[in-house]
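Q: Could you guide me through the reading of this structure, one feature at a time?

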Amino acid sequence: ETGGGGGGGGGGAATAAAGDEECSSSDEEDELEMVASGLLQQAEQVIVQSQLEAAAKLKTRTWAIAEILHIYMRRYLLRHTALEFFLSNGKSFFLNFFRPAENSAVLKRIVRLIDNLPHSKAQNVRLFGLNPRQVVRNSNWTRRWVNREISNFEYLMHLNTAAGRTYNDLTQYPVFPWVIADYVSSVLNLHDPKTYRDLSKPVGALNPTRLAKLKERSAMFDDPVIPKFLYGTHYSTVGAVLFYLIRMEPFTTYALALQNGNFDHSTRLFQSIADTWQNCLTNQSDLKELIPEWFYSSSFLYNDNSLPLGRRVDDSGNVDDVVLPPWALSAEHFVRTQREALESEYVSRNLHHWIDLIFGYKQRGEESIKADNVFYYLTYEDEADTSSIDGDNARQVRGWVGWSVVSMGWSVASVA
């Protein structure tokens with residue numbers, strides 16, 4: 001199975017990223033289970049179909065080994081069975097191998113071939129096959145970032161890539177932070193600290209009132225198997241990616257496929273920047289962070305394909321382009337301002353706090369408790385690894401774990 005660079009190779013879900021806070025937890029779980037079940041069925045259908053059609057459908061693709069820059073070990077559908085290749089022309093491809101350890105054997109073979117090439121473009125071959133922590137520790141990214149030799153955007157992309165986040169799999173899409181907290185003013189002052197989100201807190205802890213309710217619910221939760229948690233949903237989900245990118249292909253197609261060919265109700269679609277931010281601050285089921293496109297592309301804000309997305313929440317017209325904050329003169333100006341904010345002095349001095357929460361030492365254990373950063377246990381990488389599951393009921397177990405991950409999201413692999 002392959003996924004082309006810049007697309008999405010892992011399937012998608014059009015789960016509602018915004019919703020009614022008063023909705024009962026059972027209703028929410030039923031909805032998530034329905035969407036996740038569809039995702040898993042789709043994934044299994046793709047696997048079976050590719051196996052059956054084999055020679056009739058598959059075609060040979062050739063890449064020059066000398067053009068390989070990087071190779072990373074990857075997970076696919078919760079199993080450590082994939083590889084991702086990055087080429088010198090800027091393209092990438094994602095390969096999944098059905099048999100366990102086959103990806104490792106292929107990687108070793110390619111590394112031997114690269115070592116024997118007189119002229120190879122590979123960078124840091126010694127990093128190929130290392131785990132995320134080893135990749136970051138053996139690279140010079142952090143030193144260069146601290147010395148401001150690379151931008152905040154570039155460093156975050158490096159961390160995402162090392163941690164297994166990729167454009168080639170919607171279940172493991174790169175995650176970026178909300179940085180601006182003001183989407184209502186007519187003028188935005190990027191020199192004012194009040195303009196920015198508190199990067200020392202996860203999204204779920206930004207609103208003290210909501211956090212108090214979540215803590216109360218966590219305190220009452222008592223299960224002999226499942227550890228206590230604050231957040232049953234996640235900052236990075238398939239649904240969040242499709243929520244943001246629904247106006248663009250191939251994401252439109254993914255969203256439609258998981259809604260029986262129809263768009264979700266317009267009230268649950270991405271209509272307004274300000275409304276989305278407000279929902280992330282107040283809704284107990286909406287903790288999503290951002291994706292890289294918010295900092296370099298305005299395309300996701302335009303309804304260039306004239307999609308029939310329904311009526312606006314206030315019934316003022318049809319849902320069309322995303323409604324921008326008053327300070328944004330255009331979609332391009334909005335994205336440029338987002339990037340300027342990301343590279344601002346305030347964010348540069350505080351971004352390490354957010355990195356600790358998402359990629360670092362505040363992700364798990366006692367530090368995550370202190371930081372109000374505790375998610376449902378199956379959203380953590382080591383808890384949801386199905387690579388070693390076998391036996392008569394292996395498929396059912398993988399399916400159950402898969403439902404949990406797809407419906408609630410998946411934590412970034414720690415690099416600390």
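**Contacts, cores and a helix**

A: Contact means heavy atoms within 4.5 Å. Beyond its neighbours within four places in sequence, W294 is in contact with W178, Y244, F270, I273, F300, F334, V335 and Q338. This is a predicted model, in which local features need pLDDT of at least 70 and side-chain atom pairs count only at pLDDT 80 or more, while totals for chains, interfaces and linings use all residues. Residues are numbered from 1 along each chain as its sequence is written, and side-chain values use heavy atoms, leaving out hydrogens and water.

Q: Which residues touch the most other members of the largest nonpolar core?

A: A nonpolar core is a set of buried Ala, Val, Leu, Ile, Met, Phe, Trp, Tyr and Cys residues joined through side-chain atoms within 4.5 Å. Buried means under 20% relative accessible area, exposed over 50%, and partly exposed in between (1.4 Å probe, protein chains only). In the largest core, which has 73 residues, they are W294 and F359. A second, separate core has 14 residues, among them F85, L95, F97 and A122.

Q: Which residues of helix α9 are buried?

A: Helices are DSSP runs (H or I, at least four residues), numbered from the N terminus. In α9, residues 273-282, the buried ones are I273, T276, W277, N279, C280 and L281. These buried residues pack against α6 (208-220), α7 (238-245) and α10 (331-342).

Q: Why does A205 count as buried?

A: A205 counts as buried because its relative accessibility is 5%. This residue lies in the loop between α5 and α6. Not counting residues up to four places away in sequence, A205 touches L211, Y231 and D372.

Technical notes. Helices (H or I, at least four residues) and strands (E, at least two) are DSSP runs, numbered from the N terminus.
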